[in-house]
Amino acid sequence: MVKKQTAGRDHLGDFAPKFAELNDDVLFGQVWAREKELSFRDRSMITCASLMSQGLFPQLEDHMKMAKKNGVTKEEMVELITHLAFYAGWPKAWSAFGLAKKIYTD
């Protein structure tokens, strides 16, 4: 059983309750829960690729941690970043590698 997502309510519940609800119940509760269509591992890889491509590194850090929990190996994350360096940009890859090194060296 997957742990219910509460990050939205934990961080924004009092300030932006509707956004928190959509984050926890719709994005993670409904979309991420569709394991028959895509595994958590695959969703994690897709999400990390998207966040890196956009340069959204605070969110990428959290999703890399989730990716590791969802079975994405260090070697797969390194390959994902290396591949995207040519499409998303070399500086973004350097930044992503800094996060990956921290997360996957634990």
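**Entry 1: Leu80.** I started with Leu80, which lies in helix α5. The model I am reading is a predicted one, so I keep that in mind throughout. Is Leu80 buried or exposed? Leu80 has a relative accessible area of 10%, and since buried means under 20%, Leu80 counts as buried. Setting aside residues up to four places away in sequence, I found Leu80 touching Met45 and Ala49. I also looked up the spacing from Leu80 to Ala100: they are 20 residues apart along the chain, and their C-alpha atoms are separated by 11 Å.

**Entry 2: α3 against α5.** Next I looked at the helix pair around that residue. Helix α5 covers residues 74-88, and α3 packs on α5 at an angle of about 35°, with the axes 10 Å apart. I noted a right-handed crossing where α3 passes α5. Which residues of α3 and α5 meet? From α3 I listed Arg41, Met45, Cys48, Ala49, Met52 and Ser53. From α5 I listed Glu76, Met77, Leu80, Ile81, Leu84, Ala85 and Ala88. Sorted by class, this contact has ten nonpolar residues, one polar and two charged.

**Entry 3: the whole chain.** How many helices and strands does it have? The secondary structure comes to six helices and zero strands. In sequence order I read the pattern as α-α-α-α-α-α. The radius of gyration is 14 Å, close to the 13 Å that the globule rule gives for 106 residues, so the chain is as compact as a globular protein of that length. Along its principal axes, the C-alpha trace spans about 40 × 30 × 25 Å. Of the 106 residues, 33% count as buried. I also checked how far along the sequence the contacts reach: among those between residues at least 6 apart, 54% join residues at least 24 apart.

Entry 4: Ser44 has its place in helix α3, which runs over residues 40-54. At 0% relative accessibility, Ser44 counts as buried. Beyond its neighbours within four places in sequence, Ser44 is in contact with Trp32, Met66, Ala67, Asn70 and Val72.

Arg43 lies in helix α3 too. Is Arg43 buried or exposed? Arg43 has a relative accessible area of 11%, so it is buried. Not counting residues up to four places away in sequence, Arg43 touches Val31, Trp32, Arg34, Glu37 and Leu38. Trp32 is therefore a name I have down for Arg43 and also for Ser44. For Arg43 and Asn70 I noted 27 residues apart in sequence and 9.2 Å in space, C-alpha to C-alpha.

**Entry 5: α3 against α6.** Two packed helices are described by the angle between their axes and the distance between the axes. What are the two values for α3 and α6? I have an angle of about 125° and axes 9 Å apart. That makes α3 oblique to α6. The crossing of α3 over α6 is right-handed. Met52, Ser53 and Gln54 of α3 make the contact with Lys92, Ala93 and Ala96 of α6. By class I divided these residues into three nonpolar, two polar and one charged.

**Entry 6: α4 against α6.** Helix α4 (residues 57-69) and helix α6 (residues 90-104) pack at an angle of about 40°, and their axes are 10 Å apart. That makes α4 oblique to α6. I noted this crossing as right-handed. On the α4 side are Phe57, Leu60, Glu61, Met64, Lys65, Ala67 and Lys68. They meet Lys92, Ser95, Ala96, Leu99, Ala100, Lys102, Ile103 and Tyr104 in α6. The class count for this contact is nine nonpolar, one polar and five charged residues. Lys92 and Ala96 are also in the contact of α6 with α3.

**Entry 7: Leu12.** I finished at Leu12, which lies in helix α1 (residues 7-12). Leu12 is partly exposed, with a relative accessible area of 30%. Its contacts, leaving aside neighbours within four places in sequence, are Ala7, Pro17, Phe19 and Ala20. Leu12 and Phe28 are 16 residues apart along the chain, and 15 Å separates their C-alpha atoms.

Definitions and conventions. Residues numbered from 1 in each chain as written. Predicted model: local features only at pLDDT ≥ 70, side-chain atom pairs only at ≥ 80, totals over all residues. Heavy atoms only, no water. Axes fitted to C-alpha atoms, helices over the stretch in contact; angles between N-to-C directions. Helix = DSSP H or I, 4+ residues; strand = E, 2+ residues; numbered from the N terminus. Parallel < 35°, antiparallel > 145°, perpendicular 65-115°, else oblique. Left-handed = near helix turned anticlockwise from the far one by under 90°. Contact = heavy atoms within 4.5 Å. Nonpolar A, V, L, I, M, F, W, Y, C, P; charged D, E, K, R; others polar. Rg over C-alpha atoms; globule rule 2.2 N^0.38 Å. Buried < 20%, exposed > 50% of the residue type's maximum accessible area, 1.4 Å probe, protein only.
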